[in-house]
Amino acid sequence: MKKLSKQRRIIYPFAALAGQENLQLGLLLHAVNPRLGGILIRGEKGTAKSTAVRGLAEILPDMEAVAGCPYHCDPQDTGKACGGCRSRAAEPQIFTMPVPVIDIPVSATEDRVVGSLDFEQALKAGRRAFMPGLMGEANRGIIYIDEINLLDDHIVDVLLDAAGSGINVVEREGISITHPADFILVGTMNPEEGDLRPQLLDRFALCAEVAGLTDREARVEIMKRREAFEADPAAFREAWQQEQSALRAQVITARKLLPEITLPEQLYTKISRLCIEAYAAGHRADIMLARAAVSLAAWRGHREVTEEDVNDIAPMVLAHRRREPPEESATPQQQEQEQPAPAEKADESPEAQDKQSLPPPAVRQEEAQQEDTDADRDSNGKAKPSTEMVFAIGRPFAIKRITMDKDRQARRGSGRRSRTKTNASVGRYVRSTSRRERDDLAIDATIRAAAPFQRSRKQNGMALVIETNDIREKVREKRIGNFMLFVVDASASMGARQRMIETKGAILSLLQDAYQKRDKVGMVAFKGDQAEVLLPPTNSVELAQKCLVEMPVGGKTPLAAGLMKAQEVVRQQLKRSPHMCPIVVILSDGKANAAMAADKPLAEAYRVAESMREEFNSKYIVIDTEKKGLLSFGKAQDLAAHLGGECYTIEQLKVDSLVDIVRGALA
């Protein structure tokens with residue numbers, strides 16, 4: 001029987017792409033400087049993203065490699081050679097090969113990406129040997145991930161570690177090995193299918209935004225070229241061969257020129273200014289912009305980077321790093337200074353100040369009871385339209401590590417906050433066990449367990465004899481994210497004594513921590529006679545911060561409506577992600593003066609709170625925003641009791657103990 005050969009994909013010529021100049025330029029700059037840092041191609045479907053990446057392979061010049069090396073080690077760079085090439089006694093044989101372009105599908109397993117045990121060697125020779133994965137095959141080449149935003153988180157983590165260090169460290173299945181993994185990371189994504197994690201997004205040096213063309217003539221030209229290619233691919237490729245060769249020659253020339261390019265001193269200042277004006281986080285944007293400008297200068301044949309080079313490449317460097325400018329808001333001290341002065345100068349003596357700050361008990365009690373309603377009535381006691389105010393955000397504080405409950409383990413640094421064991425056949429394979437609780441066979445561990453007994457078990461010509469005691473199953477772990485829902489009292493009472501300034505500062509602190517831990521966040525605000533979802537569940541902390549800045553204060557306090565809206569949001573989120581751990585943080589003084597039905601406002605709110613406690617196994621934290629004085633009502637504590645959660649005071653909110661509160665509630 002004749003063996004069927006693998007059919008080779010016919011690639012559309014890179015030079016024949018029309019209307020995607022930025023996309024082509026970004027890829028060509030990586031051909032000039034493979035150490036540029038990777039490119040993300042972001043745009044709607046049908047805009048030649050994948051076609052351009054695959055077409056780049058034919059533009060890249062061939063490279064020299066050590067014969068027989070699975071990692072294509074460079075014979076001229078022994079410092080980055082693998083262990084096998086370093087230990088060679090004889091002079092290695094050298095051959096020329098095209099630059100490898102490795103596709104990683106979104107369904108790829110970790111074993112396939114990082115490498116695993118070579119089962120053929122284990123069975124035939126009875127020894128442990130390493131089989132390189134896709135990262136080993138991509139050394140000195142390109143890793144291309146289509147729909148990178150859909151790739152599993154733990155696979156992305158492994159790729160990021162290797163892309164940053166240039167090496168792949170494998171510690172699994174009784175194997176300990178390190179090999180070079182120096183590759184260009186190229187990803188494509190459709191924003192309609194979800195966003196990319198900020199930690200991965202920032203790793204890409206360039207971002208090419210692509211969209212369908214609106215020019216009629218350009219669209220017609222694209223159709224004609226595509227029809228010609230599909231009708232006769234060989235003839236179409238031949239027609240574009242001269243342009244392809246010209247691009248390849250320009251890449252080779254630019255590579256030779258690259259080490260000679262200089263960046264004038266004044267352009268360093270310009271680069272930093274552009275990054276500051278874009279509100280780019282960190283310093284990677286500055287480094288990438290300088291590196292990209294040098295690469296562009298080499299591509300254009302300049303020996304010195306020009307201001308035009310910097311201006312032309314800056315949009316691609318800053319497209320995915322540009323952030324919204326912070327709102328110009330006054331500090332609490334400034335707001336106090338801006339308060340209108342009283343008509344008459346107050347007595348500044350300590351005795352007079354005490355009298356002014358402490359009204360008679362009866363007056364204090366009346367003021368406290370009417371605090372929520374005075375803002376909604378005029379001098380005659382009639383209801384009036386509430387005046388909304390927007391308060392500044394208080395100073396945020398450092399967030400300490402939040403630990404989870406005993407069956408979950410916290411993670412240090414960035415990345416999902418916790419991991420948990422899973423009984424499903426999904427998640428990362430971390431170890432094996434001899435317990436047989438499900439059909440998730442760990443083949444590698446089973447073979448290792450049976451290997452020492454093969455000589456005594458050889459029978460009937462079987463290559464491998466496995467007995468019941470040898471069978472091992474996989475133990476898997478899955479990263480789980482938290483969902484933190486802020487339920488904020490935005491009624492007029494929150495404006496009293498500038499409570500909202502402190503409250504916003506605490507929320508911002510947790511939002512900053514959520515950015516690192518990849519938590520989803522959401523925000524519900526209640527005021528007037530209703531509650532609304534200001535921010536649906538999202539991983540975009542920048543969007544949450546903008547929502548927080550613009551949140552107004554005013555009106556009555558419909559506490560029950562806020563809790564019911566929070567209940568709806570948590571219910572919907574758990575349907576989508578049942579493994580998430582919801583954390584509901586309610587920031588309120590616990591008072592209520594507006595009901596959804598004919599019942600009393602507080603009684604209605606308590607019934608909703610009890611319903612939430614019974615329906616969800618969530619963590620509830622009530623932050624009491626009531627200013628404590630000689631008289632306090634303790635309504636927030638009552639609310640926490642009905643929720644089955646914990647209650648803490650506004651004084652605790654102002655110090656760095658808020659995260660300790662959350663940590664304690666999760667312990």
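**Reading a predicted fold, feature by feature**

Ring pairs link Tyr12, Phe229, Phe236 and Trp240 into a cluster, in what is a predicted model.

Me: How many aromatic pairs does the structure hold, and how is the pair of tyrosine 12 and phenylalanine 229 arranged?

Reply: To read a ring pair, look at the distance between the centres and then at the angle between the planes, since planes over 60 degrees apart count as edge-to-face. The structure holds four aromatic pairs. In the pair formed by tyrosine 12 and phenylalanine 229, the centres are 5.1 Å apart and the planes stand at 75°, which makes the pair edge-to-face.

Me: Which parts of the chain does that pair tie together?

Reply: Tyrosine 12 belongs to the segment before α1, while phenylalanine 229 belongs to helix α9 (residues 216-231), so the pair joins parts that are 217 residues apart in sequence. Phenylalanine 229 also pairs with phenylalanine 236, again edge-to-face, with 5.7 Å from centre to centre and 70° between the planes.

Me: Are tyrosine 12, phenylalanine 229 and phenylalanine 236 buried or exposed?

Reply: Here one cut-off is needed, because a residue counts as buried when its relative accessible area is under 20%. Tyrosine 12, at 8%, is therefore buried, phenylalanine 229 is buried at 6%, and phenylalanine 236 is buried at 8%. For the chain as a whole, buried residues make up 46% of the 667 residues.

Me: At what angle do helices α1 and α11 pack, and which residues meet there?

Reply: Helix α1 (residues 21-32) packs with helix α11 (residues 241-257) at an angle of about 50°, and their axes are 8 Å apart. That angle makes α1 oblique to α11, and the crossing of the two helices is right-handed. On the side of α1 the contact has Leu28, Ala31 and Val32, which meet Leu247, Val251, Ala254 and Arg255 of α11. By class, this contact has six nonpolar residues, no polar ones and one charged residue.

Me: How do α13 and α14 cross, and into which classes do the residues of their contact divide?

Reply: The axes of helix α13 (residues 284-300) and helix α14 (residues 307-318) come within 9 Å and cross at roughly 130°, and the two helices are therefore oblique to each other. The crossing in which α13 passes α14 is right-handed. Residues of α13 including Met288, Leu289 and Arg300 meet residues of α14, among them Asp309, Ile313 and Leu318. The contact divides into twelve nonpolar, no polar and four charged residues.

Me: Which residues of α2 are buried, and what covers them?

Reply: In helix α2 (residues 49-56), six of the eight residues are buried, so the helix is largely enclosed by the rest of the structure. The buried residues are Lys49, Ser50, Ala52, Val53, Gly55 and Leu56. Their cover includes helix α1 and the strands β1 (39-43), β7 (142-146), β10 (184-189) and β11 (206-210).

Me: What is phi of histidine 72 and of arginine 140, and where do these residues lie?

Reply: Most residues other than glycine have a negative phi. Histidine 72 has a phi near 55°, a positive value in a residue other than glycine, and lies in the loop between β2 (63-66) and α3 (83-86). Arginine 140 has a phi near 70°, also positive, and lies in the loop between α6 (134-137) and β7. Histidine 72 counts as buried at 13% relative accessibility, whereas arginine 140 counts as partly exposed at 24%.

Terms used
Residues numbered from 1 in each chain as written. Predicted model: local features only at pLDDT ≥ 70, side-chain atom pairs only at ≥ 80, totals over all residues. Heavy atoms only, no water. Axes fitted to C-alpha atoms, helices over the stretch in contact; angles between N-to-C directions. Helix = DSSP H or I, 4+ residues; strand = E, 2+ residues; numbered from the N terminus. Parallel < 35°, antiparallel > 145°, perpendicular 65-115°, else oblique. Left-handed = near helix turned anticlockwise from the far one by under 90°. Contact = heavy atoms within 4.5 Å. Nonpolar A, V, L, I, M, F, W, Y, C, P; charged D, E, K, R; others polar. Phe/Tyr/Trp six-rings, centres within 6.5 Å; stacked < 30°, edge-to-face > 60°. Buried < 20%, exposed > 50% of the residue type's maximum accessible area, 1.4 Å probe, protein only.
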